[in-house]
Amino acid sequence: MGDSALIGVSVGLGGLCALLVVLKLLRYIRQRRREYAYQRVDHMLDSEEMTFKAQLEHDDIDALFMEGADSADLAFDDADLADIEMLDNYRKTLQSSDPDDIA
């Protein structure tokens with residue numbers, strides 16, 4: 001009776017191992033099938049992009065974007081400053097007022 005029980009346990013463990021191998025194989029095949037549907041993208045840069053990348057690496061970013069811009073264009077005029085001051089005052093009023101009064 002001892003030998004038949006040992007054989008039964010061995011067959012059961014062998015079957016369990018075979019089942020695990022089959023499940024792993026199915027999982028691997030399913031994963032490969034999903035990856036196969038993905039079309040690879042060429043990540044190489046064209047000549048224009050490589051020139052831009054080299055320029056970014058060698059130049060100061062501010063100088064790159066400010067090229068050709070006059071300092072007068074970047075400064076605020078009186079109307080802009082008045083609008084900014086009005087918005088700042090409005091923000092301060094909202095922050096200092098009671099939230100229940102706003103509704």
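The model is predicted, and local features were considered at pLDDT of at least 70, side-chain atom pairs at pLDDT 80 or more, while totals for chains, interfaces and linings use all residues. Residues are numbered from 1 along each chain as its sequence is written, and side-chain values use heavy atoms, with hydrogens and water left out.

The protein chain contains six helices and zero strands, where helices (H or I, at least four residues) and strands (E, at least two) are DSSP runs, numbered from the N terminus. Read from that end, the order of elements is α-α-α-α-α-α. Among the 103 residues of the chain, 1% are buried; here buried stands for under 20% relative accessible area, exposed for over 50%, and partly exposed for what lies in between (1.4 Å probe, protein chains only). The chain exposes about 10,200 Å², and carbon and sulfur atoms account for 60% of this area. Such areas were computed by the Shrake-Rupley method with a 1.4 Å probe, and for residues only the protein chains shown count as cover.

The surface carries several patches, which are groups of residues with over 30% relative accessible area and no salt bridge, joined within 9 Å for like charges and within 5 Å for nonpolar side chains (Val, Leu, Ile, Met, Phe, Trp, Tyr).

A positive patch brings together K24, R27, R30, R33 and R34. Within this group, R27 belongs to helix α1 and counts as exposed because its relative accessible area is 59%. A negative patch consists of D77, D78, D80 and D83. Here D80 lies in helix α5, residues 78-96, and its relative accessible area of 32% makes D80 partly exposed.

Side chains of opposite charge can pair when their charged atoms come close. A salt bridge is a side-chain nitrogen of Lys or Arg within 4 Å of a carboxyl oxygen of Asp or Glu, and two salt bridges were found by this rule. In one of them, D88 pairs with R91, with 2.5 Å between the closest N and O atoms. These two residues are about one helical turn apart, because they are three residues apart in helix α5. Both ends are partly exposed, D88 at 27% relative accessibility and R91 at 40%. D88 also meets K92 in a salt bridge, at 3.4 Å from N to O. Being four residues apart in helix α5, D88 and K92 are likewise separated by about one helical turn. K92 is partly exposed, at 44% relative accessibility. Through shared partners, the salt bridges link D88, R91 and K92 into one network.

Note on methods
Lys and Arg count as positive and Asp and Glu as negative; His and the chain ends are not counted. The place of a charge is taken as NZ of Lys, CZ of Arg, CG of Asp or CD of Glu.
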